[in-house]
Amino acid sequence: MAASTARCALWRWSWRAGSRRWYRTERGVYGYKPRKAAGEGSAEPRGAGANGKAVDHALARLITAYSEHGHKAAKINPLFAGQAVMNVVPEIQELAEVLQGPLITTGLLNMGKEEASVEDVLAYLDHVYCGHISIETSQLPTLEERQWFTKRFEELKQEAFTTEEKKHLCKLMLESQEFDRFLATKFSTVKRYGGEGAESMMGFFHELFKMCAYSGVTDIILGMPHRGRLNLLTGLLQLPPELMFRKMRGLSEFPENSAAIGDVLSHLTSSVDLDFGSHRPVHVTLLPNPSHLEAINPVAVGKTRGRQQSLLDGDYSPESSAQPGDKVICLQVFWSQLVAALCMTSRTIM
């Protein structure tokens, strides 16, 4: 009996190991093209060989520490505005204490000068990574992704909106805020999962849809939870407010002579073409939401895969240079902080 149990355990282990080993073949199959080697093995350290100068490895380690741990000192606590989450971050403090200047910043920091003092570098990194918005890059799997993300984040800190862009973003957020206030007044007893406190998501969605339209993306498959869903539907995805008010009054979204009874308010959906002035509109599909919120994640991934197949996008394209996301992208919005603890979410990401 013991030998039989051992053989079964060994067989299960070998099958799982083999499954992991051959999950992605090096030769490629229909719907999957092997990626070129990139990341930890081939990506050069940030700033390597810039203008023929050697990399300041001490500064490079400090930048890495800020990109991985700077969010711990960021001023992002909504209960204590302007106060840092942690006054001292050991991972950063230990490197900053032994750093000696002047430091060569070429290829490492976008400070606009080749050399800078330790005080200037620390002030710059505090401004970038420990302000009112921050990032955490340690979960990104490859060095290439981490370097691109941190470099782009630093560049965005130096970009400014035009007056018209500020007005438009402000208009989107104010409309979302007034929409919630109106519903709270007229439909005070209806569970609507409002977007109060998250009005800035409207600016995020608008900019994302716009950038996708100008980048050649034709389809966006969107899966998101209940919270803020009604704001997005009426604010950007052109769902008639009258239909939503009808649902709030307890009526069906279908005609009165229809036998269907419809779905709950928070499961409403939309599929529209959005025109941002590019050569062609981008089609956004907000998938119907299940009651178990994370169940929409694999559905969104599967629908995106099917759309890529029908449009010959990414791994289904005959072009060798094609990448997934050239035409169709999957956008998943998740509100909870327990992403890693939820099996459905973590397995979909994997």
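I take two strands as paired if DSSP finds at least two bridges between them. Strands (E, at least two residues) and helices (H or I, at least four) are DSSP runs, numbered from the N terminus.

**Ground rules.** I am working on a predicted model, where local features need pLDDT of at least 70, side-chain atom pairs count only at pLDDT 80 or more, and totals for chains, interfaces and linings use all residues. Residues are numbered from 1 along each chain as its sequence is written, and side-chain values use heavy atoms, with hydrogens and water left out.

**Entry 1: the sheet.** I looked up the strand order. The sheet is open, has four strands and reads β4-β5-β3-β6, with mixed pairing. β4 (270–274) and β6 (328–332) are the edge strands; each has a single partner, so one side of each lacks a neighbour in the sheet. From one strand to the next the twist averages 20 degrees.

**Entry 2: β5 and its partners.** I went through the bridges of β5 (residues 282–286). With β4 the pairing is antiparallel, over five bridges. S271 has T285 in β5 as its bridge partner. D273 stands opposite H283 in β5. β3 and β5 run parallel and are joined by four bridges. Here D219 has H283 as its bridge partner in β5.

I then checked burial (buried is under 20% relative accessible area, exposed over 50%, partly exposed in between; 1.4 Å probe, protein chains only). Five of the five residues in β5 are buried. V282, V284 and L286 point one way, while H283 and T285 point the other way. In a regular strand the side chains alternate between the two faces of the sheet.

**Entry 3: the α2/α4 pair.** I picked helix α2 (residues 57–69) and helix α4 (residues 118–129). They pack at about 25 degrees, with axes 10 Å apart. Axes are lines fitted to C-alpha atoms, for helices over the stretch in contact; angles run from 0 to 180 degrees between N-to-C directions. The two helices are therefore roughly parallel (under 35 degrees; over 145 is roughly antiparallel, 65 to 115 roughly perpendicular, the rest oblique).

I listed the contacts (heavy atoms within 4.5 Å). L59, L62, I63, Y66 and S67 of α2 meet V121, L122, L125, D126 and Y129 of α4.

**Entry 4: E114.** I found E114 in the loop between β1 (103–104) and β2 (115–116). E114 is partly exposed, at 44% relative accessible area. Its C-alpha atom is 9.9 Å from that of P102, twelve residues apart along the chain.
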